[in-house]
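Please look through the chains below with a careful eye.

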Protein chains: 2
Amino acid sequence: VTAVSEALLKCDGERLWASLMRMAKIGATEKGGVCRLTATDLDREARDLFARWCEEAGCTVKIDRLGNMFARRPGRDASRFPIALGSHLDSQPTGGKFDGALGVLAGLEAVRTLNHHNIETAAAIEVVNWTNEEGSRFAPPMTSSGAYAGVFTVDYAESRADTDGRTLGEEMRRIGYAGPEDVGAHRLGAYLELHIEQGPVLEAERKLVGIVTGGQAQRWYEATVVGQEAHAGPTPMDRRRDALVAAARMVEAVNAIGHEFQPGACATVGHLQVHPNSRNVVPGRVFFAVDFRHPDDAVLSEMDTALRERAAAVAAASGVALDLDCIWHCPPTRFDAECIDAVRSAARDLGLPAREMISGAGHDAIYVAKAAPTAMIFVPCRDGISHNEAEYASPEACAAGCDVLLNAALRLAGRD
Amino acid sequence: VTAVSEALLKCDGERLWASLMRMAKIGATEKGGVCRLTATDLDREARDLFARWCEEAGCTVKIDRLGNMFARRPGRDASRFPIALGSHLDSQPTGGKFDGALGVLAGLEAVRTLNHHNIETAAAIEVVNWTNEEGSRFAPPMTSSGAYAGVFTVDYAESRADTDGRTLGEEMRRIGYAGPEDVGAHRLGAYLELHIEQGPVLEAERKLVGIVTGGQAQRWYEATVVGQEAHAGPTPMDRRRDALVAAARMVEAVNAIGHEFQPGACATVGHLQVHPNSRNVVPGRVFFAVDFRHPDDAVLSEMDTALRERAAAVAAASGVALDLDCIWHCPPTRFDAECIDAVRSAARDLGLPAREMISGAGHDAIYVAKAAPTAMIFVPCRDGISHNEAEYASPEACAAGCDVLLNAALRLAGRD
């Protein structure tokens with residue numbers, strides 16, 4: 001037994017799993033998933049349970065105006081900013097048990113393990129629950145980590161409305177989780193987020209740990225194609241300006257661009273709406289959204305150019321008008337070298353099969369990285385499926401990720 | 001003035017136009033169109049107005065179980081079956097003022113003109129409003145003329161459900177238009193339907209009248225493409241089974257088939273729905289409908305084969321599952337020679353520029369032709385546009401069509 005291995009701690013994987021399964025009962029769906037939308041009564045119930053668990057583990061919970069929760073296990077050196085471990089407790093409408101909850105409850109498990117071993121850290125350890133990461137009820141996603149990092153104003157975040165017109169601010173007050181702390185005033189020494197990969201790479205390569213070095217650059221577009229609505233029977237083919245035929249060619253072009261800019265590109269049309277969407281009417285208008293991602297912003301710009309050129313060419317050839325706007329551009333994120341190194345070292349010391357990777361998805365960590373040194377840890381999920389009730393990560397994967405989180409945090413917080 | 005021209009009657013074009021504009025207020029849309037879906041409160045309002053107008057014109061209105069309305073102006077010879085003039089008062093969701101309403105209100109205008117001239121006919125004249133011609137709320141279209149002609153059972157027609165699960169039968173009872181008469185028991189001596197062309201041919205050839213000799217063969221399909229729902233960020237392009245990309249290729253194949261089987265073919269995907277339709281989720285499932293038409297049923301069968309082969313090939317190449325069903329097949333219709341001749345003679349006697357043609361669209365007349373001698377009359381509509389709020393037929397075209405309808409009906413009903 002070497003000095004290094006002596007220094008390693010292991011979490012209680014069964015306790016972590018039990019906490020995950022208990023939390024998943026709040027908003028449990030018939031198909032084994034979770035529906036726990038932000039600022040609903042179920043969200044309150046999840047927060048109440050999380051706060052009680054944290055207090056039982058000796059933490060003090062502070063809550064800011066947007067409901068971001070910081071549960072603090074004090075450290076020896078009060079002059080140091082805390083090392084925060086967290087994620088989110090809200091879910092997609094047909095979400096799974098692990099997306100978000102794993103990162104929060106693994107943070108709690110880290111605290112419980114430190115308590116069990118009576119370990120004092122130099123910096124405090126905090127477990128964080130960020131409000132409204134999914135953006136399913138209140139768009140955009142990562143609202144409150146974004147406000148924490150200054151990407152959005154607090155007023156903007158509070159004024160986000162659901163489809164019934166209720167705002168995030170009033171709903172957080174309603175459930176009693178609009179706290180007294182100023183958003184962003186609570187500074188962090190570092191932030192680590194454990195998350196399921198939500199993709200198939202780790203599983204395919206039989207790795208248990210992803211050392212996440214940053215996030216992709218991303219562009220979102222909205223496109224409206226306008227042709228001529230006409231009766232499907234008496235309108236000869238050569239007189240049509242069919243908006244759906246043109247949009248179908250653009251969907252194909254988006255997909256082709258994704259394949260051409262490998263490695264690294266992702267290109268998706270996930271949302272498309274046909275007007276008037278009647279089976280015997282030649283479609284007059286189609287709206288669709290494009291999601292482009294690439295680790296390299298320069299390549300993303302080339303993809304942007306390709307999209308604009310090809311969509312315009314399709315529109316011209318199809319006799320339709322096209323309105324194409326880039327509505328959001330997020331440059332790539334590079335996580336903090338020391339935080340990445342803490343994760344890398346922990347995985348190596350634990351002897352876990354690991355690889356470095358870029359996060360394809362958005363996460364609270366992407367925004368928090370603007371305000372504090374940050375890194376992420378991924379664990380595999382079955383078939384890469386997420387945002388889906390069938391989402392599943394094994395107890396072994398969850399425990400392995402938690403062990404990396406705990407030991408990376410210890411390295412950053414300082415021990416003895 | 002010859003005997004022939006003496007016998008000719010002319011309708012009151014201004015009165016017809018005023019009735020069309022009054023009816024178009026029920027369900028009027030901001031863009032000048034009409035949204036009057038079957039068995040809605042607006043449909044009830046339109047039926048109430050039509051019934052009142054018919055009663056004011058001395059007619060007796062009978063209603064069958066599916067809400068088909070027959071407004072009778074008695075004839076001299078009670079042993080003869082009535083000569084019916086009609087169409088439908090329901091509309092597309094973004095429909096126009098003329099599709100359907102013109103045929104019904106021109107029938108009413110014919111009755112009003114006969115009243116004005118105190119003309120007694122041998123056979124009775126009836127004005128008919130068929131329920132749910134469009135099929136927009138309850139598929140399939142022409143539900144109730146189809147049930148009248150024995151194409152569908154009444155149970156089938158009544159059990160058609162909208163997207164909220166409400167059935168045509170219960171909704172017709174709700175609006176008070178499920179009548180006491182047995183569907184199909186009310187026999188007709190002949191049926192004439194005036195309709196806008198809904199295509200560009202008459203306008204392009206500067207004809208005022210289309211003598212419609214029959215209808216195209218038609219096939220409707222429903223397709224469900226099932227891929228794998230996945231997160232748009234972390235799912236590499238080469239691991240995707242994107243249902244929308246596959247569906248887009250099938251839309252393109254449908255369009256190509258329409259172009260290949262010229263002259264005469266029409267091929268349309270008018271309806272398409274993406275699931276879950278979220279901009280950062282790779283679509284897991286797409287549903288779409290295909291509308292195929294051709295005057296020759298043998299060619300339509302070749303189109304059917306081409307669709308099945310190409311859609312299956314796209315599914316295999318795209319890694320998705322495909323469920324493709326032909327849900328409706330309507331063979332070509334040949335209208336009744338005597339009815340066609342009555343229309344042809346009326347147009348000639350009135351000195352109106354006319355041409356013979358095949359109906360590209362489905363109409364109640366296509367089904368009624370199975371139960372009674374039938375023909376149709378088309379008038380031009382601007383730019384061939386229909387199933388569109390911009391749909392427009394001139395007062396002159398409407399009046400010319402009504403004159404042909406009236407005089408053809410007189411010829412069939414017998415006068416003096």
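What follows is a short briefing, grouped by topic.

This is a predicted model, in which local features need pLDDT of at least 70 and side-chain atom pairs count only at pLDDT 80 or more, while totals for chains, interfaces and linings use all residues. Residues are numbered from 1 along each chain as its sequence is written, chains are lettered from A and ligands numbered from 1 in the order in which they are written, and side-chain values use heavy atoms, with hydrogens and water left out.

**How the two copies are related**

**Enclosed spaces**

- There are four cavities of 30 Å³ or more, a cavity being a set of points on a 1 Å grid over the protein atoms alone where a 1.4 Å probe fits but cannot get out, with grid points joined across faces, edges and corners and the volume taken as the space filled by probe spheres set on the points.
- The largest cavity has a volume of about 110 Å³, and of the 18 residues that line it (having an atom within 4 Å of a point), the closest to its centre are H231(A), N280(A), E133(B), M142(B) and G362(B).
- The lining of the largest cavity comprises five nonpolar, nine polar and four charged residues, where Ala, Val, Leu, Ile, Met, Phe, Trp, Tyr, Cys and Pro count as nonpolar, Asp, Glu, Lys and Arg as charged, and the others, Gly among them, as polar.
- The second largest cavity holds about 50 Å³ of space, and the residues lining it include L20(A), R36(A), F98(A) and D99(A).

- H294(B) lies in strand β11 (residues 285-294) of chain B, strands being DSSP runs of E with at least two residues, numbered from the N terminus.
- H294(B) counts as buried because its relative accessibility is 6%, buried meaning under 20% relative accessible area with a 1.4 Å probe and protein chains only.
- Among the residues that H294(B) touches, not counting those up to four places away in sequence, are Q216(B), F261(B) and M303(B).
- The side chain of H294(B) reaches the backbone oxygen of P263(B) at 3.1 Å.

Methods. On a 1 Å grid over the protein atoms alone, a cavity is a set of points where a 1.4 Å probe fits but cannot get out, and a pocket is an open set with protein on both sides within 12 Å along at least five of seven lines; lining residues have an atom within 4 Å of a point. Helices (H or I, at least four residues) and strands (E, at least two) are DSSP runs, numbered from the N terminus. Buried means under 20% relative accessible area, exposed over 50%, partly exposed in between (1.4 Å probe, protein chains only). Contact means heavy atoms within 4.5 Å. A polar contact is a pair of N or O atoms within 3.5 Å; within protein, one must be able to donate a hydrogen and the other to accept it, and residues adjacent in sequence count only if both atoms are side-chain atoms.
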